[in-house]
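Dear colleague,

Please find the structure below, with its sequence. My notes on it follow, and I would be grateful if you read them with the coordinates open.

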Amino acid sequence: MKLKDELPVDHRLAQVYRYGAGVCGVVLLVFGCLGLANGLAFFGTEGERVAGLSSNGLLSVVSLVFAAVLIAGAVVGGNTASTINIVVGGLFVLSGFVNLGLLQSSANLLAFRMVNVLFSFAMGLIVATFGMYGRVSMKLPHDNPYWRARHPEQAAPARPAHALSAPARSVPRL
């Protein structure tokens, strides 16, 4: 069984995944370009302010890589964009926790400060939410393509043979 066989294709939620990946990718692209344009030290652990965040050359390059991944997901769209959003969102949240532990240390290679940690958490949750929108829930509506893919026997209930041959009659209500 392959994951792509379990997921519905060609549904209206694909636009949410695509636009979410695109917008978040553009935000990271702008941040990365601004950091590189300022000519920041590549491995400086102090960092300089770029768009309200602390940055160095390495963080700018990492931001550009993740921007490219998200924008590629937006171009491909569909379930691929959803999966990319979930994975990248999870990596951002994980990065927030790791860099929280590295603050004020010589191992802080990305020049993170507390505002960067908060941005990483927020961006991770936003990107992951775009990826999971309409895909992960305890009670998906029955017209949701993921619910229909997981419950094919209930999505298109089999009609009895006598119901197929005779037209349905409406009973007047009193």
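**Cysteines**

Cys33 is partly exposed, at a relative accessible area of 41%; here buried means under 20% relative accessible area, exposed over 50% and partly exposed in between, with a 1.4 Å probe and protein chains only. Cys24, by contrast, is buried, with a relative accessible area of 4%. A search of the whole structure finds zero disulfides, a disulfide being a pair of cysteine sulfur atoms within 2.5 Å.

**Basis of the model**

This is a predicted model, in which local features need pLDDT of at least 70 and side-chain atom pairs count only at pLDDT 80 or more, while totals for chains, interfaces and linings use all residues. Residues are numbered from 1 along each chain as its sequence is written, and side-chain values use heavy atoms, with hydrogens and water left out.

The mean pLDDT of the protein chain is 76, and 70% of its residues reach 70 or more; pLDDT is the predictor's confidence in each residue, from 0 to 100. Confidence is lowest in helix H1 (residues 3-6), with a mean of 50, and highest in H3, with 89. Where pLDDT is low, the predicted coordinates should not be read in detail.

**Overall architecture**

The protein chain contains eight helices and two strands, in the order α-α-β-β-α-α-α-α-α-α along the sequence. Helices (H or I, at least four residues) and strands (E, at least two) are DSSP runs, numbered from the N terminus. Of the 174 residues, 35% count as buried. The chain exposes about 10,800 Å², of which carbon and sulfur atoms supply 67%; accessible areas come from the Shrake-Rupley method with a 1.4 Å probe, and for residues only the protein chains shown count as cover.

Among contacts in the protein chain with a separation of 6 or more, 67% are between residues 24 or more positions apart, where contact means heavy atoms within 4.5 Å. At 40% relative accessibility, Leu34 counts as partly exposed.

**Helix H3 and its cap**

Helix H3 covers residues 57-76, and its 20 residues should span 28 Å at 1.5 Å a residue; the end C-alpha atoms are 29 Å apart, which agrees. The expected span of a helix is 1.5 Å times one less than its number of residues. Buried residues in H3 are Gly57, Leu58, Leu59, Ser60, Ser63, Ala67, Leu70, Gly73 and Ala74.

Asn56 lies in the loop between strand E2 (53-55) and H3. This residue caps the N-terminal end of H3, with a side-chain oxygen 3.2 Å from the backbone nitrogen of Leu58. A polar atom of the Asn56 side chain also lies 2.7 Å from the backbone oxygen of Leu109. The cut-off for a polar contact is a pair of N or O atoms within 3.5 Å; within protein, one must be able to donate a hydrogen and the other to accept it, and residues adjacent in sequence count only if both atoms are side-chain atoms. Asn56 counts as buried, at 1% relative accessibility. Just after H3, Gly77 takes a positive phi of about 75°.

Helix H4 (residues 78-102) has 25 residues and reaches 36 Å from its first C-alpha to its last, close to the 36 Å expected. Its buried residues include Gly78, Asn79, Asn85, Phe92 and Asn99. H5, with 19 residues, reaches 27 Å between its first and last C-alpha atoms, close to the 27 Å expected. Buried positions in H5 include Asn116, Phe121, Met123 and Gly131.

Most residues other than glycine have a negative phi. Two residues in the loop between H4 and H5 (114-132) deserve a look in that regard: Gln104 and Ala111. Phi of Gln104 is near 60°, and Ala111 has a positive phi of about 55° although it is not a glycine. Gln104 counts as exposed, at 82% relative accessibility, whereas Ala111 counts as buried, at 0%.

With kind regards
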